[in-house]
Amino acid sequence: MRSTFPFNQGWLYCAQQVADSAPDSSFVAVTVPHANVILPYHNFDDEEYQFVSTYRKHFTLTEPLNGRRAHLEFEGVMTAATVRVNGHTFPEHRGGFVPFTLDITDYLNESGDNLLTVVVDSTERKDIPPFGHTVDYLVFGGIYRDVTLKLVETAYIDNVFVKPRDVLTGAPYLEVDVTLRNVGAQKRDLSIYVAYGREERAEQSDGWTPSPYAVSLEPESTQTVTITLRDLPPVELWTPVHPQLYRMVVHLSNEQRATQDRKWVRFGFREARFKDDGFYLNGERMQLVGLNRHQNFPFIGAAAPARLQRKDADILKDELGVNIVRTSHYPQSPHFLDRCDEIGLLVFEEIPGWQHIGDEDWQALALRDVRAMIERDHNHPSIILWGVRINESWDNTQLYTQTNALARSLDPTRQTGGVRFFLGSEFLEDVYTFNDFSNSIVEPEHTPHLVTEYNGHMFPTKSWDHDARRVEHALRHARIQDRARGMGGVSGAIGWCAFDYNTHREFGAGDRICYHGVMDIFRLPKYAAYAYLSQTPPQNKPVLQIASGWKAGDYDEGRTILPVRVFTNCDYVEAYVGDVPQGKFYPDRQQFPNLPHPPVLLTDLEISLAQPWNDLRVVGYLDGKAVIEQSVAADGVPARLEITADDAAIKADGIDMTRISFRITDHYGNVLPYAIAMITLEVDGPADILGETSFPLVGGQGAVYLKSRHTQGDAVVLATTPRLHSASVRVALE
Ligand code: GAL
C-alpha cells in the first residue's frame, strides 16, 4: 500500500551554496513553505532574493519500504532545484511553478540516516520561463510550496482524471482515466475498482464499477485505461452558488486481489463552455466578472502557507464579489485552487511567461509546463480554461500550434485560451483571450471573446492618492464592466488586478510595487474594490461604500460642492449632512446602463464655509426598508487604532500564519488614508511577526503576518501609536 508523509518539517537552510560536508551549524532550522529571504514589502531590490541557497534535511524512514519505491514530491521550488540524496545528484529541475517528483529509492539508506540536499537557484535564469527579457512581476526564491514523501508499490496509480460527461442530459456519465505505472521488471495483472460519492459523505456511495476492471501492465511501462461509469443516480451540479464537490477513490488490486494502491481525487459535475455569444456554465449564460491574481505576498514573496492561499480565494469571492480569477501568469498554489473549488470561484489558469519567447529548449519547457499544469489540475471543477500562450507574446505559429494540440489531447473537456495584446493576432485557441488597454472594450474580431486584462498601468492608484484619483480608479473599473455587459460576444472581463504586487525597476512606482490592485499588497481595499463588491446581489449582503473622504480641500480648485460617489447594491440611498436631509439618490443608470448596480452619484450636497462642516450619512434602502448605512466624520481627526486577525486560531506547526491588519480610523470606523503614523507591534506568546514591527502606515492601514512556532498557547499582538489608545488581538496556537 501507499504511505504518504508530509515533508515540510525539519529542514535546515543556508543562504549560500554549500557542500554536503558543511556542518549543520552553518544552517538555520526552517519549515517549508520557505522564502529564501524575508524582505520589506517594498523598497528592496530583486537582487536581494536572486541567489543560490542550500536546503538540507536529515531523515530516516519511519516505515520499512518492503519493496516499495520512495517518491519525493516538490510542489514548487523557485526557480531551479538540484536535489541530492546521500551524495547522488539528480538532474536539475528547471521552473518554479510546476511540481516534480524524484524516485529516490535507489539512493536511500533504508535502515539508517539519510541526507537530502536541495540546491536552489533563485536567479533569473534566462533559460527558464518567464525569464529572458523584462518581466512585470517578481518570482522570489526558495522551496516555497509543500514537499511530500510517498512510498508506492512498484505498480501504482500515477494519475486519475475524472471527466464528467453529458452532465446536462438525463444520462450523465463519468469517464475516468487512470494512469498506471509499472516500474518493476515483472509483467503485472492488476485490477481497478472505482467508487465515488458526495465529498461530505464518508463513503463513496453514489456509484462504483460493478466488477473489477482487469489490466495487464508490461514491465517498465505506463498505461492509461479509461473506465466509464454509467447509470449514475441524480447528480448535483457544481455551481458558484452551490459548489457541490464529489470524491472518487480508485483502488488498484494485485494478482491476489489485495489492494496495492489507492488514490482519492476531488471533482465536480459541471459543464463550462465559451460560445460565440458568451460563456455558459451548466447551460446558462454567465457574465464573467473577474480580476487577475499574482501569488505575491508582502514580506514572504511567494512562500505563503495553505491558509493564506485559501484566504486569497475567499477575499476574491467575499470581499470583491468576482466570479472568476485569472492565475496571472503561471499555475498557482494547489491550496488556492482547492479553495476555488470549494467556494465556487471560476479560474482561468495559464502557463508561466511574460511577453518573451526563448529558444528551442526554453520552448520545450513551456510545453512541459502545459503538460505539468494540466496533469496537476485537470480535476478542479473551478478551472474552465487553459491559457496556453506566453502572456502577451508575439505570434509563434509553430509553438502555439503545439501548445494547443497538447492541451486538447491532455484534456478534451476544456477549451484553450492564450492571452494576446494586439489585434490581428493569430487565433489558434478556442477562446480569443485579449488584454484590452483601450480604456474601453474593442469590438471582438473573433468569438468567443474574453477580456483578460484592462486598466492596470493605464491608471495606477495608491491607497493614499488623493480622493479624486481613487474615485476615478474605481469608476474606470465600473465603466469597463458596464461596457463588457453591454456588448454581445464578450464573455466577460477580468481586470488588472486584484492586489498590488512587487515588480522590477522597469515597472511600478520605483519602490518595487505596481499599484494596479483594487486592493493594496496587504489585500486591504481601495475604493475600486467596492466597484466589484457592489455588483453582488443584495440578498447575499447589502453593500454600501461612500467613495469619498468628505474633505473638500482634497479636490482640485477647492470645491464647495462635492461630487460624492456611493458604491452600493441598494435600490436607492438617502443622504444627510449633519441632520439635514439632502434627498434620495438613485443608481446612475445613464452612465452605467448595463451594470446590475450602478454607483450612485450624490449631487448638490451643500457645503457652506459659513456653517460648521458636518458629517455625511448615507442610508441604503432595499424594497423601501433601510438596510445599511455609513457615516463619514467631517472632523478628519484620528479617533481609533484598530487591529484584527483573520483567524482566531492557527496551527502550531512552525509555518501557519494569519494576517494581522491594523488601521487608523475616524470615530465611525472609516480608514483615514492620510493617517501616516508609526505603529509599533509587540507579540506576547509563542509566535512571531513576519514583516515590520515598526510600521509606518500608508493609506491609513497596513498588515503583517503572525507566524506560529512549534509551541501551543496564545499570542497577543499589541499595537501602539502615538496619541491613540493601543489595541490588541489574540490568536490561539493549536
Ligand atoms: C499587462 C501585463 C500584466 C501587467 C499589466 C499592467 O500588459 O500582461 O502582467 O504588466 O500589463 O497593466
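Visitor: What makes the crossing of α3 and α4 right-handed?

Guide: In this predicted model, α3 passes α4 in a right-handed crossing. The term applies because the near helix is turned clockwise from the far one by less than a right angle. The contact is made by Q363, L367, V370, R371, I374 and E375 of α3 together with L399, Q402, T403, L406, A407 and L410 of α4. By class, the residues of this contact divide into seven nonpolar, three polar and two charged.

Visitor: Why are α3 and α4 called roughly parallel to each other?

Guide: Helix α3 (residues 360–377) and helix α4 (residues 397–410) pack at an angle of about 20°, and their axes are 10 Å apart. Angles under 35 degrees count as roughly parallel, and α3 and α4 are therefore described in that way.

Visitor: Which residues of α1 and α2 meet?

Guide: From α1, the residues are A306, Q309, R310, D312, A313, D314, L316 and K317; from α2, they are H335, F336, D338, R339, C340, E342 and I343. The residues of this contact divide into six nonpolar, two polar and seven charged.

Visitor: Is H242 buried, exposed or partly exposed, and why?

Guide: H242 has a relative accessibility of 41%. Buried means under 20% and exposed over 50%, so H242 counts as partly exposed. Its place is in the loop between β19 (221–229) and β20 (246–253). The C-alpha atom of H242 is separated by 8.0 Å from that of I343, a residue 101 positions away along the chain.

Visitor: What makes the pairing of H242 and E236 a polar contact?

Guide: The side chains of H242 and E236 are joined at 2.7 Å. A polar contact requires a pair of N or O atoms within 3.5 Å, one able to donate a hydrogen and the other to accept it; the pair at 2.7 Å is accordingly given that name. Leaving out residues up to four places away in sequence, H242 touches E236 and L237.

Visitor: Why does Q287 count as buried?

Guide: The relative accessibility of Q287 is 15%. The limit for buried is under 20%, and Q287 therefore qualifies. Q287 lies in the loop between β24 (284–285) and β25 (288–292). Apart from neighbours within four places in sequence, Q287 is in contact with N323, A484, R485, V490, S491 and G492.

Visitor: Why are N66 and D623 called exposed?

Guide: Exposed means over 50%. N66 is at 62% relative accessibility and so counts as exposed; D623, with a relative accessible area of 72%, is also exposed. N66 lies in the loop between β4 and β5 (69–74), and D623 in the loop between β40 (616–622) and β41 (625–632).

Visitor: What is noted about phi of N66 and of D623?

Guide: Most residues other than glycine have a negative phi. Phi of N66 is near 50°, a positive value, and phi of D623 is likewise near 50° and positive.

Definitions and conventions:
Residues numbered from 1 in each chain as written. Predicted model: local features only at pLDDT ≥ 70, side-chain atom pairs only at ≥ 80, totals over all residues. Heavy atoms only, no water. Contact = heavy atoms within 4.5 Å. Helix = DSSP H or I, 4+ residues; strand = E, 2+ residues; numbered from the N terminus. Nonpolar A, V, L, I, M, F, W, Y, C, P; charged D, E, K, R; others polar. Buried < 20%, exposed > 50% of the residue type's maximum accessible area, 1.4 Å probe, protein only. Axes fitted to C-alpha atoms, helices over the stretch in contact; angles between N-to-C directions. Parallel < 35°, antiparallel > 145°, perpendicular 65-115°, else oblique.
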